[in-house]
Amino acid sequence: MIENNFLVKMVGINKRYGIVEALKDVDFNVKRQEVVGLVGDNGAGKSTLIKILTGVCPPDSGEIYFEGKKETIDSPKKARDMGIETVYQNLALIDLLSISRNFFLGREPTKKFAGFCNFLDKKKIDEISERALKDVGVKVRDVDEEVSILSGGERQAVSIGRAIYFGAKLLVLDEPTAALSIKESHKVLDYVADARERGLSVIFITHNIYHVYSVADRFAILEHGEKLGDFNKDEVSAEDIIEIVRTGKMPPRS
Amino acid sequence: MKNNKSSFGSVVALQFRRHPEFGALAGLIIVFIVFSFTATRFLTIESLGGILAVASELGIVATGITFLMITGEFDLSVGSTFGLSAMILALAANAGIPLFIGLLLAISAAFFIGLVNGIITVKFNIPSFIATLGALMFWRGMLLAVTGGFAVRYWGSSSFLYALNGQFYGGFRTSALWFFIIIFSLNLILIKTPYGNATYATGGNKEAARVLGVLVNRVKITNFIISAMLAGLAGCIQFARFYSVDPLRGTGMELEAIAAVVVGGTLMSGGYGNLIGTLFGVLLMGMVRSGLIMSGAPAYWYQAFIGIILISAAIINTKLKRWSIK
């Protein structure tokens, strides 16, 4: 029986690329309104686990439960329809497209013109995206401008604002603070805390333990495709986590 | 906001970004003014109609190329598709098949070529430059082999062909109407519909579009088909002008069409551009062709001149883009 307070439960996930075992029998859960830091060194299997959860690639074996129901997530669209929104490090937005078009990409509101063909409802697209971004605390000069003029932090904000607006239940952030200035990183961390306040669960993937430590409730640590363990924030310090990731071993009990 | 331009500068920059066709329009105006002085009969109805007749056929091909280039792909096989479709219509006409059916057959063949181009590019993940270069050679070779290299002429007369490309006023032809209908309705699709949005997104960043739920492969294949079908239609329209077609018809057209699209401000790397730019691009090229001849320059100069225009346009468009994003 799946307890109801779990939003996501991944059980016994295996994934193999040729001879490389990317994931070995990994269990991974996220509770409702919980921020989970998914940490581990390069090649630990963080990205693979997330790709499986978000429908980018299928697992070889294992089960995924979402809101207590067993699901087969076979496409990014399916994941999105279920309420899983992913903000990829470099794949969150399309540079040459305007902010508002990015905001609604893949689910544009339309209106019929002369009874045929669905045209974009440009007014609605601009108004809603502007309001939704203001709502998460992002002010842009003009939502009709291309994303390429935004800073890294603003881009993350647009992606997160979009996810919140579209009623995401789970927000997956892949290295959201990489390549950001200190000020902007902290802003993004604020957005994460804000998303939790609004009732979302968040998976936060990062190398920067200090960043994730400030907002996460729990940490799942991966190493060579296996899960070393789950740690509540009150059980470990940031330094402990770094030590575990560095050595690949559990810390000696003190 | 890391934008440090004055508000006036940034407004101008925004307008440049939104209007990739600006450079082509400026070029068009300059060329128009210059030829109005140097070429004595340039500013006559007949001359402008002639320019439009040539530009329309090229323009229908370039319209498809624009769609595909915004998707981030190329189609080098449009010249061969152009010739093949025209040949199918000619052979069907001579075989006594109703011309409307002949046109449907010709366009269906083009549809098939586009579908194959798209599937090969997407499924085998090879550059469309290569896939369609192969298609260019294959279909041209087939066309030459099947016809034995002989031209085909249609001796009948037909109101259907008149509707496709008949002369109706001065040098003006109905092909111009078809061209304008096609380019404006496709521009509407590109700018105003979710499909257009998906096209820009696919060309702008394929992987990002994919994770955001855009069916990028379907968009690409569809746009390969659009490109091929428009090339086929343009071939049929040109056949309706000459009532004849030879197996080398449309050779080199792909490069001319790509040049017009690039002059029109569409990025070769995808994700940016529009069809208004392409309209200005083909008009510019048509004007240069006629204007040079009317100014008394030998026809060979056309290619050399277009080469210079193409490179200058690419440099100016790149500079404008870079400046406006800063």
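Student: In what order do the six strands of the open sheet in chain A stand, and what kind of pairing do they have?

Tutor: In this predicted model, the order across the open sheet is S6-S9-S10-S3-S11-S12 of chain A, and the pairing is mixed. Neighbouring strands of this sheet are turned by 15 degrees against each other on average, when direction is ignored.

Student: Why do S6 and S12 of chain A stand at the edges?

Tutor: Strand S6 (84–87) and strand S12 (226–232) of chain A each have a single partner strand, so one side of each is left without a neighbour in the sheet.

Student: What makes S6(A) and S9(A) a pair, and in which sense do they run?

Tutor: Two strands pair if at least two bridges are found between them, and S6(A) and S9(A) have four bridges, in the parallel sense.

Student: What makes strand S9 of chain A mostly covered?

Tutor: A residue counts as buried if 20 or more other C-beta atoms lie within 10 Å of its own, and five of the five residues of S9(A), residues 170–174, are buried. In a regular strand the side chains alternate between the two faces of the sheet. For S9(A), both faces are covered, with A:Leu170, A:Val172 and A:Asp174 buried on one side and A:Leu171 and A:Leu173 buried on the other.

Student: Which strands of chain A does helix H8 lie across?

Tutor: Helix H8 (residues 238–247) lies across S3, S11 and S12 of chain A and runs at about 15 degrees to S11(A).

Student: What makes S2 and S5 of chain A the edge strands of their sheet?

Tutor: This is an open sheet of four strands with antiparallel pairing, in the order S2-S1-S4-S5 of chain A, and strand S2 (20–31) and strand S5 (69–71) each pair on one side only. The twist averages 25 degrees from one strand to the next. At one end of the order, strand S4 (residues 61–66) of chain A pairs with S5(A) in the antiparallel sense over three bridges, with A:Tyr65 opposite A:Lys70 in S5(A). Helix H1 (residues 46–53) of chain A lies across strand S1 (6–17), S2 and S4 of chain A, at about 120 degrees to S1(A).

Student: Are helices H5 and H6 of chain A roughly parallel or roughly perpendicular, and why?

Tutor: Their axes come within 9 Å and cross at roughly 10 degrees; angles under 35 degrees count as roughly parallel, and H5(A) and H6(A) are therefore roughly parallel to each other. A:Gly152, A:Gly153, A:Gln156, A:Ala157, A:Ile160 and A:Ile164 in H5(A) meet A:Glu184, A:Lys187, A:Val188, A:Tyr191 and A:Ala195 in H6(A). By class, this contact has six nonpolar, three polar and two charged residues.

Student: Are H9(B) and H11(B) roughly parallel or roughly perpendicular, and why?

Tutor: The axes of helix H9 (residues 194–204) and helix H11 (residues 216–242) of chain B come within 10 Å and cross at roughly 105 degrees; since the range for roughly perpendicular is 65 to 115 degrees, H9(B) and H11(B) are therefore roughly perpendicular to each other. The contact is made by B:Ala198, B:Thr199 and B:Thr202 of H9(B) with B:Val216, B:Val219, B:Lys220 and B:Asn223 of H11(B).

Student: Why can chain B be set beside a globular protein of its length?

Tutor: Chain B has 14 helices and four strands. Its radius of gyration is 20 Å, close to the 20 Å that the globule rule gives for 326 residues, so chain B is as compact as a globular protein of that length. Buried residues make up 54% of the 326 residues in chain B.

Student: How many residues of chain A are in contact with chain B?

Tutor: There are 28 residues of chain A in contact with 24 residues of chain B. On the side of chain A that touches chain B, S8(A) gives the most, with four residues, and by class that side has 14 nonpolar, six polar and eight charged residues.

Technical notes: Residues are numbered from 1 along each chain as its sequence is written. Chains are lettered from A and ligands numbered from 1 in the order in which they are written. This is a predicted model: local features need pLDDT of at least 70, side-chain atom pairs count only at pLDDT 80 or more; totals for chains, interfaces and linings use all residues. Two residues are in contact if their C-beta atoms, placed from the backbone, lie within 7 Å. Helices (H or I, at least four residues) and strands (E, at least two) are DSSP runs, numbered from the N terminus. Ala, Val, Leu, Ile, Met, Phe, Trp, Tyr, Cys and Pro count as nonpolar, Asp, Glu, Lys and Arg as charged, and the others, Gly among them, as polar. Axes are lines fitted to C-alpha atoms, for helices over the stretch in contact, and angles run from 0 to 180 degrees between N-to-C directions. Angles under 35 degrees count as roughly parallel, over 145 as roughly antiparallel, 65 to 115 as roughly perpendicular and the rest as oblique. The radius of gyration is taken over C-alpha atoms; the globule rule is 2.2 Å times the number of residues to the power 0.38. A residue is buried if 20 or more other C-beta atoms lie within 10 Å of its own, exposed if 12 or fewer, and partly exposed in between; C-beta atoms are placed from the backbone.
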